[in-house]
Amino acid sequence: MENKQSSSPASFVDSTVVPGDVVLDLSSMTNQTIKLGGGLRQDCDAISAMKAGTLRFSKPNKYWIESSQKRYVPCVEDTILGIVVDSKADNFLIDIKGPAMGFLPVLAFEGGTRRNIPKFEVGTLLYLRVVKANFGMNPELSCTDASGKAAEFGPLKDGYMFETSTGLSRKLLSSPTCPVLEALGKKLSFEIAVGLNGRVWVNAASPDTIVVVANAIMNSESLSGAQQIIMLYDLMDSLVVVLLRETKK
Amino acid sequence: MDARLANTWRLTLNEKNFIKTALLSEIRIDGRKPFEFRNISINFGRQVKSEDGSAEVQLGQTRVMGIVTAKFVQPYRDRPNEGTLAIYPEFSPMADPSFEAGRSGESAVELGRIIDRGLRESRAVDTESLCIVAGKLVWAIRIDILILDNGGNLVDAANIAALAALMTFRRPECSLGGEDGQEVIIHPPEMRDPLPLIVHHLPIAITFGFFIDENVVVIDPIHNEEAVMAGRMIATVNANGDICAIQKAGEGVSQRVIMQCLQLAITKAADITKQIKAAVEAYNSERALQKIKRETTCVGNNVKGDQNQTLDNKGISELVGKYMERLKLISVESYASQNINAEETKSLRRGTDSSCIKFNSTPLSWDPYSKGVDLEFLKASVASQVSAHACACNPTSTFTIPQVLGLVHFLQNRNTLVPDECLWELLNNGFFAVLQWILKRISFYLNKLNRSAYNGVSPVEFVGLSTASEEREASGKEKGSEAESAGPYEDVNSKWSAVDASTTEMHVIGPKTLKDAVKPKNKRKKKASSMI
């Protein structure tokens, strides 16, 4: 069950941990900067798990705990899709599928000043980044990246949004590309935005394509890579019809 | 407040626009065609009497459960000879974030009303058959509808659940009796089969969704589509083409569209009716099978055995069942079956498979009016019992009902003699208390009559029996040591060996005289009675 890693003697990476497990001992790792992702907490020298799931590590120094749920727990530096619920004087209230509403400051846009505050209708879909996420407080969001550039954040026009579990959205964002997306991308052209809070937005030229892509992704939740491709082969029949329609148009 | 705000499901503008534009090209977001229903799956409660009348319906992601119960009430004054039907919808908060616990909003009321109208006012359920005493006592049928998951189109799913539950519900049969003929006797399900409700036809609700463009109509909307649609119509129709009820809400729609929808509804209703009936049929046949199974296991408990069970044994067990009824030894049978169950579990615990009672006898024909079983046969069977006994783990399951019945049977005919020793051995395992008493009386009278014949009994036969009893004693002792863990049977065992000892003692003494025949019997009687 344990994966021996070169850096530390007994490593929990890629194994299941439960809340309370001490997964890293900082006293043994000196002069290293470690980034902690979701589900981990620092108590002096010990890093302990707060969520049940698998501990993951990515070079050079990022650790986090992965688990799949329907609800989202906000974590800093996550990219998510939020829906505008209300606009206040200072910030917009955004629904991010989490325990509390997110606040999007009115000025958190590229070149945002008090004069050019964007106007969002209730129900607008936004691609956002989580800036602050503390337990008990409303998370703070932003439409810019860390350096202040827009970088694709902001409102998403047209297309169709559907909800998935957080595990599936992480799979879709993993690299190398997840088999479903790869196979779909070979045959169809579409635009996709994946939020780590379990929301996916798809846009394409024709509604057929959108429906096929959406259903393919939703069905691939519980399938392994090979099964996903098999499922897509079955969908190819309908894809042929879609392609014919697209060429007609 | 914040949590509730965060928990509500919201529709984005993108979704709204997309659903509408896709529908213009006749594409629905789950890939269905506009007039395609989702897959319906109907599951019923377990085939146990108390769970008749419950059905769970899955319509895509929507899950609804319908439960039917009945009780006695006084009828309404204006309908004194009709039963009542009431629908109670419950929207569980786990189905949808917008559902609250307790009394839910108007959509719940609407749902209840639509189903109620479809069932009651179209007279789908025959309420007059629910009357027991006109003006005083009628059955009140209560249908509880529980929404488990909201995936859109709750009304249709709830309607199917209610119908499926109604068709599989069984109410106990009741009759009038008592001194003045006014007492109502409710027969328990074991005594008389419960009765189904009389359902004349199945009114099926079909929901249509209308969108801004008049030509856009969908059937069976999903919850996204429900949030977007402008108008809605629920038509309750049945497979015969009758329109039972219509509920229309939202934007106005032209008459042509309405007529088209109604025609479409009738064809869809025919499909759904077929599905419901097929599911109910399957459930009913399984239920009937279950009943048969239950009855045969009750009788067949006498025979313990797996692969060795032959047709003979089964035949015997059936005949045994008949005979039990005839002799009306119901108490004995229940005691016997309990006992046998205990034995079976004991032997199972010990894990021996070969401990079947081997029936060496041929299929016995249990016609009481044919010639009786003779002594040779009885000895042979007893001996075989003993041999089986020797290899059996269980020391007390020697004499099963067929054996004893055989004795009773030829006692009735009085064709041959019954050696008392044999008889008492058979009876003395505390197993057939009642039978024992009966046989005591019979043998007492028999001995009175057959005293003269005793002189003709050769000692050889008794020796044979004594060896048999010795064997038994030996095996009994063997088993006695083995059976230390089994509490109650130990005593019987010791009693057995005690009795065996006494009988062997008796036999060794010498040629039998009349007095000998009488005395031991009396002594044994006392011992037997004390031991019992």
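Mentor: Helices here are DSSP runs of H or I with at least four residues, strands are runs of E with at least two, and both are numbered from the N terminus. The model is predicted, so to speak of local features takes a pLDDT of at least 70 and side-chain atom pairs count only at pLDDT 80 or more, while totals for chains, interfaces and linings use all residues. Residues are numbered from 1 along each chain as its sequence is written, chains are lettered from A and ligands numbered from 1 in the order in which they are written, and side-chain values use heavy atoms, with hydrogens and water left out.

Now the chain around it. Chain A has four helices and 16 strands in total. Take the contacts (heavy atoms within 4.5 Å) in chain A with a separation of 6 or more: 62% join residues 24 or more positions apart. Chain A exposes about 13,000 Å², with 54% from carbon and sulfur atoms. Accessible areas come from the Shrake-Rupley method with a 1.4 Å probe, and for residues only the protein chains shown count as cover.

Next, the pockets. A pocket is an open set of points on a 1 Å grid over the protein atoms alone, where a 1.4 Å probe fits and protein lies on both sides within 12 Å along at least five of seven lines; lining residues have an atom within 4 Å of a point. Points join across faces, edges and corners, and the volume is the space filled by probe spheres set on them.

The largest pocket has a volume of about 1,400 Å³. Its lining has 38 residues; nearest the centre are Gly37(A), Gly38(A), Cys75(A), Val76(A) and Asp78(A). Three elements of chain A give two or more residues to that lining: β3 (35–36), β7 (62–66) and α1 (166–173). β7(A) supplies the largest share, four residues. By type, the lining splits into 19 nonpolar, eleven polar and eight charged residues. Nonpolar covers Ala, Val, Leu, Ile, Met, Phe, Trp, Tyr, Cys and Pro; Asp, Glu, Lys and Arg are charged; the others, Gly among them, are polar.

The second largest pocket has a volume of about 1,200 Å³. It is lined by 37 residues, and those nearest its centre are Lys70(A), Glu163(A), Trp9(B), Gln61(B) and His223(B). Elements giving two or more residues are β14 (160–163) and α3 (207–219) of chain A, plus α1 (2–7) and α5 (223–228) of chain B. β14(A) gives the most, four residues. This lining has 13 nonpolar, eleven polar and 13 charged residues.

That brings in chain B. It has 15 helices and 14 strands, and 48% of its 532 residues are buried. For contacts with a separation of 6 or more in chain B, 75% involve residues 24 or more positions apart. Chain B exposes about 26,400 Å².

Some spots in chain B are worth checking. Phe208(B) sits in strand β11 (residues 204–210). Phe208(B) counts as buried because its relative accessibility is 0%. Beyond four places in sequence, its contacts include Val217(B), Ile219(B), Met233(B), Cys261(B) and Leu264(B). Leu24(B) belongs to helix α2 (residues 13–24). Leu24(B) counts as exposed because its relative accessibility is 55%. Leaving aside neighbours within four places, Leu24(B) touches Asp213(B) and Val216(B). Leu24(B) and Asp213(B) are 189 residues apart in sequence, yet 8.1 Å apart C-alpha to C-alpha.

Last, backbone angles. Most residues other than glycine have a negative phi. Asp14(A), not a glycine, has a positive phi of about 70°. Asp14(A) lies in the segment before β1 (16–17) of chain A. Asn153(B), also not a glycine, has a positive phi of about 60°. Asn153(B) lies in the loop between β6 (137–149) and α4 (154–168) of chain B. Asn153(B) is buried, at 1% relative accessible area, whereas Asp14(A) is partly exposed at 39%.

Conventions: Buried < 20%, exposed > 50% of the residue type's maximum accessible area, 1.4 Å probe, protein only.
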